[in-house]
Amino acid sequence: MKNIFNLDVKNEVLNRVSNLSPNSQKLGGKMSVEQMLAHCSANFEMATGEKNFPRPLIGRVMGSFMKSFYSNEKPFNRNTPTFKPLIFSDKRDFEKEKQKLTDIIQKFHT
């Protein structure tokens, strides 16, 4: 599995982000491109500790059991339910979200 701490992988991800446009085709899911950019940024903000969300009750009860499903080399299945605070359904500014994701990836890598 690719690791974003690897410089080549980071550059590949940043290149993929820079190639996005508001008309980019969805590969799955219901979010628009700018909503997905916001979703990805929020995930990185959680990883850097900038955002913290309370852990849902089901996460506390089933967390140790489910950990093996989410911390292995296997990618997530398509249409896996998304953590509610990471769903963005409002209208977003594409360029702003694209720049935000690029900046947070750079910060995360350092």
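Q: How many helices and how many strands does the protein chain have, and in what order do the elements run from the N terminus on?
A: In this predicted model, the protein chain has four helices and zero strands, and the elements, read from the N terminus on, run α-α-α-α. The C-alpha atoms fill a box of roughly 40 × 35 × 25 Å when taken along the principal axes.

Q: What share of the 110 residues is buried, and what share of the contacts between residues at least 6 apart in sequence joins residues at least 24 apart?
A: Buried residues make up 24% of the 110 residues in the protein chain. Among contacts between residues at least 6 apart in sequence, 81% join residues at least 24 apart.

Q: How should I read the span of helix α2, and what span is expected at 1.5 Å a residue?
A: The idea is to set the distance from the first C-alpha to the last beside the span expected at 1.5 Å a residue. Helix α2, residues 33-48, has 16 residues and reaches 23 Å, which is close to the expected 22 Å. After α2 comes G49, whose phi is positive, near 85 degrees.

Q: Which residues of α2 are buried, and what covers them?
A: The buried residues of α2 are V33, E34, Q35, L37, A38, H39, S41, A42, F44 and E45. What covers these residues includes α1 (7-18) and α4 (94-109).

Q: At what angle do α1 and α4 pack, and how far apart are their axes?
A: The helices α1 and α4 pack at an angle of about 175 degrees, with axes 10 Å apart. Because angles over 145 degrees count as roughly antiparallel, α1 is roughly antiparallel to α4. The residues of α1 that take part are L7, K10, V13, L14, V17 and S18, and they meet K98, L101, T102, I105, Q106 and H109 in α4. Sorted by class, this contact of α1 with α4 has six nonpolar, four polar and two charged residues.

Q: Which residues make up the largest nonpolar core, and which helix gives the most to this core?
A: The general idea is that, in soluble globular proteins, nonpolar side chains tend to be buried together. Here the largest nonpolar core has eleven residues in all, namely I4, L14, V17, V33, L37, F44, F94, L101, I104, I105 and F108. The helices α1, α2 and α4 each supply at least two residues of this core, and α4 gives the most, with five residues.

Q: Is E97 buried or exposed, and what does E97 touch?
A: The way to read this is to take the relative accessibility first and then the list of contacts. E97, found in helix α4, counts as buried at 5% relative accessibility. Not counting residues up to four places away in sequence, E97 touches E34, L37, A38, S41 and R92.

Q: Is R16 buried or exposed, and how far apart are the C-alpha atoms of R16 and H109?
A: R16, whose place is in helix α1, counts as exposed because its relative accessibility is 58%, where the cut-off for exposed is over 50%. The C-alpha atoms of R16 and H109 are separated by 16 Å, and the two residues are 93 residues apart along the chain.

Notes. Residues numbered from 1 in each chain as written. Predicted model: local features only at pLDDT ≥ 70, side-chain atom pairs only at ≥ 80, totals over all residues. Heavy atoms only, no water. Expected span 1.5 Å × (residues − 1). Buried < 20%, exposed > 50% of the residue type's maximum accessible area, 1.4 Å probe, protein only. Contact = heavy atoms within 4.5 Å. Axes fitted to C-alpha atoms, helices over the stretch in contact; angles between N-to-C directions. Parallel < 35°, antiparallel > 145°, perpendicular 65-115°, else oblique. Nonpolar A, V, L, I, M, F, W, Y, C, P; charged D, E, K, R; others polar. Core = buried A, V, L, I, M, F, W, Y, C linked by side-chain atoms within 4.5 Å.
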